[in-house]
Amino acid sequence: MDAMNILETKGLTKIYGGLKANTDIDFKLARGKVTALIGPNGAGKSTFVGMVSGRTAATRGRVFFEGEDISHLPAHSRIQLGLAYTFQITSVFRGLSVYENVELAAGRTLADRPSLLKAKVNSVLERVGISDRADQIAGDLSYGHQRILEIAMGLAQDPKLFILDEPTQGLAETEVDEFVALIRSLAGETTILLIEHNMKVVMATADFITVLDHGMVLAEGSPEEIHKNAAVQSAYLGTNVDA
Amino acid sequence: MEFGPHLMLASLEGAVISAILVLTAMGLSIVFGVMRVVNVAHGEFFMLGAVLAWYITTLLGGHPALGFGVALIVAPLLVGCLAAFADRVILKRINYDPDRTIVATIGMLYIIQQTTLMTFGPEARPVEAPFNHRLSLPWFEFGENGFAMTWPWGLSTTSYKLFVIGAAVVVLIALWVFLTRTKIGLIMRATQQDSETAQAFGVPVGQVYSWVFGLGAGLAALGAVLVVPIQQAHYLMGHDPLLLAFIVVIIGGLGSLPGTVIAALLIGMSDGIISVFFSPTLAKIIATFLVAMVLVFRPQGLLGKTAP
Amino acid sequence: MTSFNKSNLLHFGVLAGLVILFFILPTYHVGVLSRVMVMAIYAMGFNLLFGYTGLLSLGHAMFFAAGMYGFGLAIKFGGFPVPAAFVVGVLSAALLALVVGLLALRTAGVAFMIVTLMFAQTAYLVVLYFGKYTRGDEGFILQQAERSLFGLDVTTETGRYFTAFTLFAVCFIALAKLVQTPFGKRLVAIRENEERARMLGYDAGRYKLYALVISGAVSGLAGVSYALLFGYVGATFSTVQYSIFPLLWVLLGGAGTTIGPFIGVLFMFYLIDISSGYTNAYMLIAGVVLVLLTVFAPKGIAGTLKARVFPWMP
Ligand SMILES: Nc1ncnc2c1ncn2[C@@H]1O[C@H](COP(=O)(O)OP(=O)(O)OP(=O)(O)O)[C@@H](O)[C@H]1O
Ligand SMILES: [Mg+2]
């Protein structure tokens, strides 16, 4: 295994009934970089990261994290190894306060050091810009703020690999810009796998891009390479590239 | 009595139990299938059917067949209306939330049961069967003189018990025709498949739910009217049918109607046979425990399809 | 004052009030309160699972009964001294909860409710089946001599009240503390959104199992306390009705609050006490209250107070 790659998958496949959502995906993720996973709706992006994080059981294939085969591990054990995952469909603890949400995320490793925990929660809230809402109940937040909270919960875990499934969906223009800034500030600190439809965000943040189509890898490369790739153009980019 | 005739007698008893059970369990299964809620008060609708049958026959007097005939129609109708009403004023308000529905129907269970205790009283009261001829049954044996037909003493049933079995079959067929051939039935099944889409196509899902809840309770009441000439009416009589119906619905696969019928036969027959030969408590312990295990390891039911 | 101090004050106030009430209430009500405190332990055990973890068990009577019979039979047939029998009772309940948990927690939602109901029904039938020892529905009495705890006579009004009070106070404070720990907060997280909790790296299945075992042990402790203080052990306590009661109490008082279970038991006891003066169909009240609660006040008394008036309430 190449020490440069934090994550690798081999022949990862998911079949729903008769539908092949992912077919034999071989994928390598470079450490410390931002990699964007793009592709049209229903291409199988969420399914892929679901199988990586353990949320979705793979039909077959293997997942390696830091060189270890983690295919047999349940989701919570994979998260404990240093994966963080944000849901495409917002999933926060709606009945708890913003502070408690982030505290739960950071608390898995810091619960027995209350002062460190408190500092961590506050710094994360500060970093994503919702510290003024710390005491609000998460369910009462606007949709955009719930998405930001979701990102905060990922950050609070200090992940080695941070997987974000369409984090900018439903965010306002200014919030998207802040998100881009946030991802850039994380570059080098951690590895990011970003599923994103907004090409502006992809071009502004990604070091590498992987294109998925019909459950298969269509193309891989730097943003420039992908931009020039004719197959990608026809499958996907044509309408979105200038957005 | 020899083992053979004894087994035959037990099977007949089992068939009667199955007949009642299949109606009660069908009610529970339809409600779960369409509305996705568990009605814990189902046994009390059963009990109400029996108690109403007693009131109706007592009120009308005359030949037992008259009162019984009226009860057979009126009691399920009344119980059905009451259930539909309860659906409107209680379940609709809590949006059929599965957990809260269980709690609310537990409340309904006590309301119905205790109101019956206050009005009907704690006694068990009999209802006379409309007809009740004793029928001796033959037994065939291969003895010294070749094949012979004997009439073992004690091997008999009654015309009424045979009627119960027949009636259950007729009701089941009618129900099947209702669900597959009539408009209301089709609407119910469409709602069962996918209530949101059904709603989008203009099905009044709210009304369908009330109908279904009423139908489920009515089926339980019908089973009870049929059983009350064999087993007296009592305010606590809803407990066992509820448990058995649960067992049947779980074994048959929650919400699957053909599964429910097969499971009712299985459970009813084995209940009849086991309780003739073994201690009824031990039989119940084993049955209850096994059903819990089925739910744990095969939640789609023994007869249901494998995981979706 | 911080909300932490306020809730401490509330808990302390409840306990102080109970001590004062002993001296000002007539004997009859002192007796009722002893019973209320024991049943409140049961309700608090149930609340940990239902109110905090979000798991609705319809079979908790089996844990109460496991404690009760574990204790009663250890004394009757094992000749155990009371403190040892006490431990046996609580451990029986915890062990039963562990086994039930390993099986029942494979299911969720409605299936979990039915599975726990079925297990409890099995337990009830087992109690009846071994009627030779358990004396079935009739039950058996533990004599005064069999119930002395460290030389303390728990059969006097005072002895009983303060034993019940001590047991209640210990469980009350311990559980109130527990739900403030990271462990308790993770249970709440699982109640709020199990998948999210799992995707934060928490082993939800294990937390639920722990919650069930603690809940079962506390419910068993209530069963032990009942047998100890009232000297009676019987199958009634393992019927479905006794699985429904804690649900009723907790819903009435307020699920997921520290004082809800006690409030619920107190209200329900007096409601039934008053109504049973008029009718033998007193469970009618329970039914009506359950329906009204689910429709109009799913948060219960303490829950509604917390939402409307005292947001700091624990
Ligand atoms: N639980 C499921 N059961 C059956 N089919 C599913 C399930 N989840 C996803 N699919 C199907 O698998 C395919 C891939 O879905 P997936 O959600 O991975 O796509 P995606 O690339 O994330 O799309 P989007 O951009 O819309 O989020 C789709 O055809 C989808 O309908
Ligand atoms: Mg997706």
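**Ligand 1 and the magnesium site**

A:Ser46 is partly exposed, at a relative accessible area of 27% (partly exposed sits between buried, under 20%, and exposed, over 50%, using a 1.4 Å probe and protein chains only). This is a predicted model, where local features need pLDDT of at least 70 and side-chain atom pairs count only at pLDDT 80 or more, while totals for chains, interfaces and linings use all residues. Residues are numbered from 1 along each chain as its sequence is written, and side-chain values use heavy atoms, with hydrogens and water left out.

**Magnesium ion (ligand 2)**
- Its protein donors are A:Ser46 (OG) and A:Gln88 (OE1), 1.9 to 2.1 Å away (donors are N, O and S atoms within 2.8 Å of the metal, or 3.2 Å for Na, K and Ca; water is not among the atoms, so sites may look incomplete).
- A:Ser46 sits in helix 1 of chain A and A:Gln88 in the loop between strand 6 (83-86) and helix 3 (98-110) of chain A, so the pair ties together parts 42 residues apart in sequence.
- Like A:Ser46, A:Gln88 is partly exposed, with a relative accessible area of 24%.

**Around ligand 1**
- There are 13 residues around ligand 1, and A:Gly42, A:Lys45, A:Ser46, A:Thr47 and A:Gln88 come nearest (a residue counts if one of its heavy atoms lies within 4 Å).
- By class, that shell holds four nonpolar, seven polar and two charged residues.

Notes
Chains lettered and ligands numbered in written order. Nonpolar A, V, L, I, M, F, W, Y, C, P; charged D, E, K, R; others polar. Helix = DSSP H or I, 4+ residues; strand = E, 2+ residues; numbered from the N terminus.
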